[in-house]
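Below is a short note on the charged side-chain pairs in this model. Please read it with the structure open.

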Amino acid sequence: MVRSNLVVMTDAPPSLIEFAPGSVWLTGAGPGDPGLLTLHALSALKRADVIVYDALVSRGVLALAPPDVPREYAGKRGGKPSFNQADISLRLIQLARQGKRVLRLKGGDPFVFGRGGEEALALVRAGVPFRVVPGVTAGIGGLAYAGIPLTHRDTNHAVSMVTGHDATGEITGIDWRAVAQGAPVLVIYMGVKRLASISRELMAGGRLPDEPMAIISNASLPNQMVLETTLGACIDDLTTADLSPPAIVVVGEVVRLRGGLDWLGAAGGRILDPDPLSSRTSDKVG
Ligand code: SAH
């Protein structure tokens, strides 16, 4: 068994790993709230010689790096690649070969619908040392900020995480009717754009029109918005709700728990229902 460079947990504060010059740290920045960064991500932000970041990395996170550290934008938005993936990988290799400590910051977790694996493999091929720092993915942290647990003993023992389309905006070969049968809770990344066809296919696959759905936009950021709707009503409700991307979709009975667990809403005065699975919540957007 190979164990190298792992932090051993003791009562002492964790000793942080050295960010070696000429290496790349492929690091998750979480969904937006800088408080969701890992200690490794924070230490990398303090030590990096250059930061190459994606569109979904929040300003609050980038602000934690010293102001004079160069920041290079390598984002893709709206399904349209503004930067070619091969170019991004080449840039990382180039910077590492200049002897820099390269912090590659990606929204959420780098290995969850983030093409982190592709970038890491390009580094492997180029012989550039790298490290992966996981992050809080939107499908977990974003839900938590909406007061929706990913699993709950009374509602589901499984969950599917699916992408609505790939990074180029193309429809992936996803069999949505099979997805409908796969797990009681579905978390759909990049799903809003194609929600009309996705919801139609899920219902054709056996999911009920009154099944609860939440669409969480800008999760964990000050402009977070949550639309509580149903599979059957989501398209109508979306047209009246003023949600801006990015947004994550969750379908399933766990959404009802928000009525009791919307801790952010409670901080703003929402009265929490101690028995949310027995009733429907009346708030639609909060
Ligand atoms: N690697 C990222 C996912 C990248 S795919 C992660 O682990 O979270 C991009 C999609 O992630 C967006 O279209 C959206 O569905 C979701 N997403 C990322 N950040 C989000 C946020 N702050 N709020 C809501 N959805 C988010």
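**Salt bridges**

1. There are 14 salt bridges in the structure. The model is a predicted one, and the points below go through some of these contacts.

2. One of them pairs D49 with R101, whose closest N and O atoms lie 3.3 Å apart. D49 has 28% relative accessibility and so counts as partly exposed. R101, at 24%, also counts as partly exposed.

3. R258 and E228 form another salt bridge, at 2.6 Å from N to O. Here too distant parts of the chain are linked: R258 belongs to helix α9 (residues 258–261) and E228 to strand β11 (residues 225–230), 30 residues apart. Are these two side chains buried or exposed? R258 is buried, because its relative accessibility is 2%, under the 20% cut-off. E228 is buried as well, with a relative accessibility of 7%.

4. E253 and R256 are joined by a salt bridge in which the closest N and O atoms are 2.6 Å apart. E253 counts as partly exposed at 33% relative accessibility, whereas R256 is buried, with a relative accessible area of 16%.

5. Which residues are linked in a network of salt bridges? The network consists of D54, R104, K106 and E119.

Definitions and conventions
Residues are numbered from 1 along each chain as its sequence is written. This is a predicted model: local features need pLDDT of at least 70, side-chain atom pairs count only at pLDDT 80 or more; totals for chains, interfaces and linings use all residues. Side-chain values use heavy atoms; hydrogens and water are left out. A salt bridge is a side-chain nitrogen of Lys or Arg within 4 Å of a carboxyl oxygen of Asp or Glu. Buried means under 20% relative accessible area, exposed over 50%, partly exposed in between (1.4 Å probe, protein chains only). Helices (H or I, at least four residues) and strands (E, at least two) are DSSP runs, numbered from the N terminus.
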